[in-house]
Amino acid sequence: MMIHSGTLAAPTSAWGGSLIERRWFHLLLGFALSTLMPIAVIWTIWPDQVIASETMVNSAVASSAAFVVGLLWYRRLVSHPGIQGVENVVTSFLITYVLAAAVLFLLRLDYSRVYLLSGFTLTLAGFAWVATRLSQVEHTHFHVVPFGNVDRLMGLPKASWTIMSDPEAPLAPPLKLVADLRADIPDEWQSRIADAVLAGVPVFHIKQIEEGLSGRVDIEHLAENQFGSLLPRDGYRRIKTALDVSLALVLLPFMLIPFLIIAVCIKLDSPGPVFFRQLRVGARGEPFRVFKFRSMIDRPAHLCNGREAAMTLSDDGRITRVGAVLRRYRLDELPQILNVLRGEMSWVGPRPEAQSLSRWYHAELPFYQYRHIVKPGITGWAQVNQGHVVDLGDVHDKLRFDFYYIKYFSPWLDLLIAIRTIRIVLGGFGAK
């Protein structure tokens with residue numbers, strides 16, 4: 001029995017229910033903050049300038065467009081598991097308002113800086129409040145058809161469950177239904193599920209719910225996922241490579257002085273080279289040497305190639321004093337900008353594993369090699385959700401995060417990872 005009822009976007013109540021969750025409210029609020037209230041601000045300061053002039057019209061159009069695009073951008077960011085973070089609001093509207101101002105400047109159109117600044121500030125403040133409130137009500141309740149492997153739903157975050165006992169229970173929106181559609185469901189329950197679809201009740205397959213709430217793709221039976229659905233979009237992959245290299249070229253000159261300071265600190269702290277180079281597995285399983293600042297005591301090459309040596313444990317005695325600081329704030333990863341320029345890595349993607357560890361994981365974990373279908377990254381979905389891990393069980397979960405990234409490979413997910421990475425770097429989450 002095949003049921004198509006859309007996908008689960010985010011673990012929220014689907015923008016329904018209370019006023020603050022409704023899309024029409026967001027549109028009205030946004031137009032009021034981005035377009036109408038800046039006029040009131042200018043009227044208060046310069047009453048004689050609020051007229052239907054070309055300057056005001058251009059400013060109103062630019063501010064409205066920046067709001068609409070920013071709202072769409074924000075919704076795409078929060079379509080992945082996680083809270084309605086204020087940082088996502090800042091990123092979305094900051095980028096769109098800067099782009100709007102840039103377009104006005106390049107086209108040499110008259111506009112009011114006060115209008116745009118007021119529109120941006122008010123919109124940012126308003127939707128920061130919306131995001132904060134949504135994060136407080138971020139919860140979904142599901143009714144579960146009691147057949148198949150539905151018990152594994154019970155431990156998922158940001159949701160609650162009612163196990164249905166009677167197929168004749170009333171079915172009407174805003175009720176949401178979950179079923180294991182590959183289970184042997186009795187005829188009367190199948191008929192009831194069909195009735196729910198006709199009544200406008202969203203019906204989700206258990207795998208949709210698991211992915212939407214956990215940010216992971218099940219790999220126990222990968223054949224069920226249909227490999228084709230896990231193929232990353234080739235068009236974006238090419239664009240991403242160009243963006244990776246362009247950003248690296250722009251940032252490299254600004255990183256030279258920090259590189260020099262870190263290099264001096266490393267040399268003064270312990271003997272050995274500044275850089276650490278290790279053989280790792282890249283896209284399509286091709287090996288490459290990754291560049292990192294050395295954060296551990298220097299050891300002969302033959303002692304660094306084994307599986308045990310490739311693992312870094314908590315409070316590892318090999319980590320130097322400077323190395324501990326570098327690792328906490330991920331500064332040891334900065335030289336990988338050279339790997340990005342060489343086309344071996346991306347800014348965002350599954351983290352590359354040491355070749356010795358990769359061989360072990362490949363032998364122990366099903367479908368492990370599939371994570372090499374995209375370029376490895378300096379940061380990734382697994383890193384911002386899980387941190388650094390080496391135990392086989394934790395790597396199994398890490399692989400599920402990697403497969404989620406591959407399945408939902410997009411600029412929106414990359415941007416979300418970048419935002420979370422900045423927050424995590426400042427907090428030191430997951431450092432080893």
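Okay, ground rules. Residues are numbered from 1 along each chain as its sequence is written, and side-chain values use heavy atoms, with hydrogens and water left out. The model is predicted, so local features need pLDDT of at least 70 and side-chain atom pairs count only at pLDDT 80 or more, while totals for chains, interfaces and linings use all residues.

So, the structure holds 13 salt bridges, meaning a side-chain nitrogen of Lys or Arg within 4 Å of a carboxyl oxygen of Asp or Glu.

Take Glu210 and Arg152, bridged at 3.0 Å, N to O. Glu210 sits in helix 6 (206-214) and Arg152 in the loop between strand 1 (140-144) and strand 2 (159-163), so the pair ties together parts 58 residues apart in sequence. Helices here are DSSP runs of H or I, at least four residues, and strands are E, at least two, numbered from the N terminus. Glu210 is buried at 11% relative accessible area, whereas Arg152 is partly exposed at 32%. Cut-offs: buried is under 20%, exposed over 50%, partly exposed in between, with a 1.4 Å probe and protein chains only.

Next, Lys240 and Asp414, with the closest N and O atoms 3.2 Å apart. That one links helix 7 (234-269) to helix 14 (411-427), 174 residues apart. Lys240 is buried at 9%, and Asp414 is buried at 7%.

Then there's Arg351 with Glu333, at 3.1 Å, N to O. Arg351 is buried at 8%, and Glu333 is buried at 12%. Through shared partners, salt bridges join Lys292, Asp332, Glu333 and Arg351 into one network.
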